Amino acid sequence: MKKSKTIKVTRLHLLLTVVLLCAGYLLAYSYNYTKEFGQEQADVSQSMTQWEIEDQLREKLIQAQKENMQLEERLTELQHLVSEKEEQMSLLENELEGTYIELESYRLLAGLLEAKGPGVIVTLEDKDYIGETGDPDDYIVHEQDVRGVINELFAAGAEGVSINGQRFVHTTAIRCVGPTIIVNGVKSAAPFEIAAVGDPEVLYRALHLPGGYVELLQSWGITVKVEKQDEIILPAFIGEL
């Protein structure tokens, strides 16, 4: 009887041991499961927050790209506008430059500017008066003689003319007073030096045409000398037109 009681106690202990081991295993498994589940939940929550942040950043990036595109389009419009204005300014500057050059040419032809360039100088001298025979007026250079030479020069393309240093303009009056002539109110005597700016060859040939004005003056006994010059300077007209 005593031996059977001892055996029961041993089985009971064994059974308790097994039960305790199972309970411990369950507790450990439950603890680990709970821990792992909690970590997974935390990871999921963290992933959701990160995704929301990335989504917000993505939306901001898309919005910024839209704004950049709008700014680029506006910049392109402004660049086109600036190009158009620059082209208009360039055309306007060219027109102004052309107008200025045209105005300067008119002022040059009008005698309001100093003229410089190649040309010819025509010198007219009185015929020597011999004795008391004849009319002295037949021996001197008259205003019409000077004006005739000037007309020939302008007809041959002269850009400007001066008589004894006085610029000839469209209002210039040439008057003869005895053996002198008055040009722009300034009196001068022979020899009369008529300077003209233009093509020297053309001017020279025009004056020496057969039956031309120089030949006519020489037939009257007036000494006429025509010289080609590489550079002639004509003073600007001083006075009121």
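Which residues of α3 are buried? The legends below get to that, one close-up at a time, for what is a predicted model.

**View 1. Confidence along the predicted chain.** Averaged over the protein chain, pLDDT comes out at 86, and 93% of the residues score at least 70. Strand β7 has the highest confidence, at 96, while helix α1 (residues 2-109) has the lowest, at a mean of 83.

View 2. Zoom in on valine 161 and you'll find alanine 196 of β7 as its bridge partner.

**View 3. Strand β1 between its two partners.** Strand β1 (residues 115-125) is mostly covered, with 8 of its 11 residues buried. It pairs with β8 (residues 223-234) in the antiparallel sense over 10 bridges, and 6 bridges join it to β7 (residues 192-197), also antiparallel. To get your bearings, pick out two residues: isoleucine 121 has glutamate 227 as its bridge partner in β8, and threonine 123 has glutamate 193 as its partner in β7.

**View 4. The buried side of α3.** Back to the opening question: the buried residues of α3 are Pro200, Leu203, Ala206 and Leu207. They share one side of the helix, because they cover an arc of only 140° around its axis. The general rule behind such a pattern is that an α-helix has 3.6 residues a turn, so residues three or four places apart point the same way. What do the buried residues of α3 pack against? Their contacts are with β1, α2, β7, α4 (213-219) and β8.

**View 5. The start of α3.** Look for aspartate 199 at the start of the helix. One of its side-chain oxygens reaches to within 3.0 Å of the backbone nitrogen of glutamate 201.

View 6. Where does proline 191 lie? It is in the loop between β6 (186-189) and β7.

**View 7. Two asparagines with positive phi.** Asparagine 164 is in the loop between β2 and β3. Its phi is near 50°, a positive value in a residue other than glycine. With 28% relative accessibility, asparagine 164 counts as partly exposed. Asparagine 184, found in the loop between β5 (180-183) and β6, has a positive phi of about 55°, although it is not a glycine either. Is asparagine 184 buried or partly exposed? Asparagine 184 is partly exposed, since its relative accessible area is 24% and buried would mean under 20%.

Technical notes: Residues numbered from 1 in each chain as written. Predicted model: local features only at pLDDT ≥ 70, side-chain atom pairs only at ≥ 80, totals over all residues. Heavy atoms only, no water. Buried < 20%, exposed > 50% of the residue type's maximum accessible area, 1.4 Å probe, protein only. Helix = DSSP H or I, 4+ residues; strand = E, 2+ residues; numbered from the N terminus. Pairing = 2+ DSSP bridges. Arc of directions from axis to C-beta. Contact = heavy atoms within 4.5 Å. Polar contact = N/O pair within 3.5 Å; in protein donor to acceptor, adjacent residues only side chain to side chain. pLDDT = per-residue confidence, 0-100.
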